[in-house]
Amino acid sequence: MSSWAPHLPSSLQPILQPCLPELRRRVPRPRPWLSPRDNGSGSVGSKRPEVKCARASQKSPDDYHATLRALNSRGRKPRKSLGQHYMLNSEINDQLAGAANVGEGDVVLEIGPGTGSLTNVLISSGATVLAVEKDPYMAALVEERFADTGRLKVVEEDFVKCNIGSHISLLLESLSASGGKARFAKVVSNIPFNISKDVVKQLLPMGDIFSEVVLLLQAKTAVRLVGSSVRTSEYRPINLFVNFYSDPEYKFDVPRSSFFPQPNVDAAVVTFKLKKTADYPAVCSTKSFFSLVNSAFNGKRKMLRNTLQHICTPLEIETALQHVGLPATSRPEELTLDDFVKLHNLLVRP
C-alpha cells in the first residue's frame, strides 16, 4: 500500500486494498498539522485548527470514510450484481429530500437504503421511512443504525418482487391508528440503475397510495423518460406510460464522482407527480390501451394500419386515424398520448 495508507484506521485495511485507485482520488493528503512528524505542539506547519463539537441535533456525517467504515463493519464490498453505488455527497441527499418536500409526519418509501445516508436525511426531516433492502447485511446495518429513532421499518426483500402496496398500506394504517395524519406516502430513493425501469413501472400506477416519486436515475434514463417527445428517435411506449400515470419533471444533474464506487455514467434526479385513478386519461381498459400502444411500437417505422391489423382491418384503422385528425399513413412515433387515447377508444370496444 502507498505510504499514506497506514495513517488510516487499521480496521479499514481489509477493504482498502481493492479500493486503492478510488481512494487515491478521494482521500486528501495530510495537511501540515496532521503530519506524523508533528509532536502535538503545532510547531510543524500552520496552526492546528480549532475543533468544535457538533451539536447533538446535527446529522452524523455520511462521507467516504463513514461509508467505508459502515461497509467494513459488515465485511462487505459494493456488489456490482446488486447495482450498489453509495452516495457520498450529503448535499445531494438533502436535495433529494427537498425535491419531495419531505417534512414532519411524512411517510417515505426508500428503495435500497444501503448504509443509510439518505435515510439519515429523511428521518432527520421528520419522516417515517419504510426501507426495502435486498442485501441482508445492509438491511441489518441500517436497521441497527436507526433503531433508537422509532422512525424506520426495514423490509428485507427484492423490491421488484415484493408487494409494496401491502407494506406501505399497513404502515399508513398503523400510523393513522396511533394518531398520525399521513394519508399518502412519498417515494425518495437513490435506486440501483439496473432496476430503474422496473421501479418506474411498479410505482407510477400507485397514485392512490403515493403522492409523488423522486428518483435518482442514470442521466440517460432520466432524459429518455422525461425529455423524449413525439417524432424523436427516443420516443417509446415508456414515455406514454410515464405521462399516462404522472407529470414528470427533470430536476438536476448528479455527477458520477458523487458515488462510491464511481459508476461509468452520470446521474440525474427526476420527480413524478402521480395522478389519482380518477385523473387518468379516459380509456375503457388500461390493459387494452397499453397492449395497443406496445403493438403499435413493435413496428416503429411501420404504419399503424399495418401494425394494428390484429385489432381490426386496415380500413377501420385508417378511418379511426382520420377521425383523430391524423393521416391514414401515420406511424406510432407521430402520435401523442391524447392521440393514442382517442385511437384506442375508437378501435377497442368496452
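**A walk through the fold**

The protein chain has 14 helices and nine strands. The model is a predicted one. Of the 350 residues in the chain, 48% are buried. The accessible surface is about 17900 Å². Carbon and sulfur atoms hold 49% of that surface.

Now look at how the chain folds back on itself. Take contacts between residues at least 6 apart in sequence. Of these, 69% join residues at least 24 apart.

Next, go inside. The largest nonpolar core has 63 residues. Which of its members touch the most others? They are Leu109, Leu203 and Phe210. Follow Leu203, leaving aside its neighbours within four places in sequence. Leu203 is in contact with Leu109 and Phe210, and also with Ile111, Phe159, Val187, Val213 and Leu274. There is a second, separate core of 28 residues. Among its members are Met87, Ala100, Ala131 and Val214.

Finally, turn to one pair of helices. Two packed helices are described by the angle between their axes and the distance between the axes. Helix 4 covers residues 90-99, and helix 5 covers residues 117-124. Their axes lie 9 Å apart, and the packing angle is about 50°. Which residues meet here? Helix 4 brings Asn93, Asp94, Leu96 and Ala97. Helix 5 brings Ser117, Leu118, Val121 and Leu122.

Note on methods. Residues are numbered from 1 along each chain as its sequence is written. This is a predicted model: local features need pLDDT of at least 70, side-chain atom pairs count only at pLDDT 80 or more; totals for chains, interfaces and linings use all residues. Side-chain values use heavy atoms; hydrogens and water are left out. A nonpolar core is a set of buried Ala, Val, Leu, Ile, Met, Phe, Trp, Tyr and Cys residues joined through side-chain atoms within 4.5 Å. Buried means under 20% relative accessible area, exposed over 50%, partly exposed in between (1.4 Å probe, protein chains only). Contact means heavy atoms within 4.5 Å. Helices (H or I, at least four residues) and strands (E, at least two) are DSSP runs, numbered from the N terminus. Accessible areas come from the Shrake-Rupley method with a 1.4 Å probe; for residues, only the protein chains shown count as cover. Axes are lines fitted to C-alpha atoms, for helices over the stretch in contact, and angles run from 0 to 180 degrees between N-to-C directions.
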